[in-house]
Amino acid sequence: MGKTNCSWIGPEIPLSSEMFRAIKDELWLFLIPAGLAAILLGLFLEEMGFILRHIPTSRRKRLYLWILGMYPVFAFTSLIALYVPRSSSLCNFVASLYHSITLLKFMGLITDFFGGKTRMLAALSGKKLSPDPFPCCCCCCLPMMAINSSSHNWMMAAVLQLSVIRSILFFVTLVLWTDEQYEYGDVTSVTLNLYVNGIICVSTFLSFYGHLLFYKATKSALHGFGLRAKFICIVLVLILCGLQSGILETMGAFEVIPCTPPFSVLTRSQLIYHYCVIVEMFCIGLYARHTFRKLEPSVADEEPATHRREQKAVQTEDVQTSSLTSGCDRYAAANHGYSSDSEDSLCKIEHTPMDVFSFPAVKPKRPVDPGSPRHLACATVGDQELQDVTVV
C-alpha cells in the first residue's frame with residue numbers, strides 16, 4: 001500500500017523544533033496534557049505520603065507505590081513523545097517495561113492480601129473455577145478448573161507472557177527502526193508491522209484472560225479489599241495501551257485519519273495516541289487514587305494477632321479458673337459447711353457454727369502490780385542511743 005506524505009514539514013516524523021514551529025499558533029492545545037501530567041505527579045506524591053503513613057507493612061507499601069506510579073510514568077513518557085515525535089518508539093518501550101513490572105506487582109498484591117502464596121492456596125483449595133468468565137464466553141466448552149498450585153502457575157504465566165512478548169517485540173522493532181528496516185504504520189504484508197500488532201493483540205487478550213481468571217478465583221475470599229476497583233484500574237491500562245496504538249496505526253494506514261497538513265498520517269496517529277494516553281491516565285489515576293486510599297483489613301497481619309490475643313485470653317481464664325477451683329476444693333475439704341454453685345460464682349462459702357472448730361486455749365497474762373519496782377536503763381539500738389528505758 002503506497003503512502004502519501006501530506007506534511008508541510010517534510011520528513012515523515014518531524015524533529016521537535018519543526019514540531020513546535022508547526023504548532024506555535026495552537027500551542028495552548030499542547031499545554032493541556034502537560035498540565036494534566038503535572039497534576040498526576042502531584043497526586044502521586046500525595047498518595048506516597050498517605051501510603052507511607054497508613055500502610056503497616058513495608059512490602060505492601062512498595063507494591064502500592066509501584067502500581068500507583070504507573071499512571072504518571074505513562075503520562076510523562078507520552079508527554080515526551082508528544083513534544084519529541086521521533087522518541088515515540090523509545091518512550092513506548094520504557095512505558096511497556098514499567099507496565100510489565102506493574103502486572104507482576106498487582107498479582108503479588110493480591111497474594112499479599114492472603115498473607116502469602118501458601119495461605120492463598122489453602123484458602124482457595126477445594127474450589128472450582130469456570131473457565132469462561134465474561135466477556136470470554138468462547139471458552140465455555142472447557143471443563144471446570146480446580147484451584148491449586150498448578151492452575152495458579154498457569155494463570156500467572158498467562159498474565160506475565162504479555163510482559164515478555166511485548167518487551168521483546170518493542171526492543172526488536174526499535175533496533176530495526178534505527179537501521180531503517182522497520183517502518184511504523186505500514187500494514188502491508190511485506191512488513192513486520194502487521195504481524196507485530198497481531199501478536200501484541202493476541203498476547204494482550206491472553207493476559208486479560210489470565211487476569212479475569214485470577215480475579216474470579218480470589219474475589220470471593222477477599223471481602224472488603226476493593227478488589228474489583230483495583231482490577232479495573234489495572235485492566236483498563238492493559239487494554240488501552242495494548243491495543244490503542246496498533247488500532248490508530250492501522251487506521252492511519254487505511255487513511256481513516258485524514259491526511260491534512262502540517263503533519264503526516266503517521267505523525268498524526270502518534271500524536272492522537274499519546275494525547276489520548278495522557279488524558280486516559282489522568283482519569284484512571286484519579287479513580288485509582290480513590291481506590292487505593294481505602295484502608296483494607298490485613299488478612300495476613302490482623303487474623304494471627306487476633307487469634308493470639310484470643311488464645312492468650314482463654315489460657316489466662318483457664319489458669320484463673322483452675323486456681324480458684326483448686327482453692328475452693330481445698331477449703332471444702334477442711335470445711336464441711338462449704339458449698340459451690342458454678343452458675344452464680346466460682347467459689348461460694350456458707351458460714352457454719354464456730355463450735356465445730358477446736359481452737360487452742362490462750363493463757364491469760366499475769367496482771368502487773370502498780371507498786372512493783374521499776375528500773376531505768378540505757379540501751380543502744382543501731383547507731384542511736386536510747387535513754388530512760390523502763391524495765392518492768
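Searching the whole structure, a predicted model, gives 6 aromatic pairs, where rings of Phe, Tyr and Trp (its six-membered ring) pair if their centres lie within 6.5 Å, and planes under 30 degrees apart count as stacked, over 60 as edge-to-face and the rest as tilted. Local features need pLDDT of at least 70 and side-chain atom pairs pLDDT 80 or more, while totals for chains, interfaces and linings use all residues. Residues are numbered from 1 along each chain as its sequence is written, and side-chain values use heavy atoms, with hydrogens and water left out.

Two of the pairs are tabulated.

| Pair | Centre distance | Plane angle | Class |
|---|---|---|---|
| F93 and F171 | 6.0 Å | 40 degrees | tilted |
| F113 and F225 | 4.6 Å | 40 degrees | tilted |

F93 belongs to helix 5 (residues 88–114) and F171 to helix 7 (residues 149–178), so their pair ties together parts 78 residues apart in sequence; helices are DSSP runs (H or I, at least four residues) numbered from the N terminus. F93 is buried at 15% relative accessibility, whereas F171 is partly exposed at 47% (buried is under 20% relative accessible area, exposed over 50%, partly exposed in between, with a 1.4 Å probe and protein chains only). F113 is in helix 5 and F225 in the loop between helix 8 (193–218) and helix 9 (227–253), so this pair ties together parts 112 residues apart in sequence. F113 is buried at 0%, and F225 is buried at 2%.

Charged ends also sit over rings (NZ of Lys or CZ of Arg within 6 Å of the ring centre and within 35 degrees of the ring normal): K230 over F292, 5.3 Å from its centre, and R293 over F50, 4.1 Å from its centre.

Terms used: Helix = DSSP H or I, 4+ residues; strand = E, 2+ residues; numbered from the N terminus.
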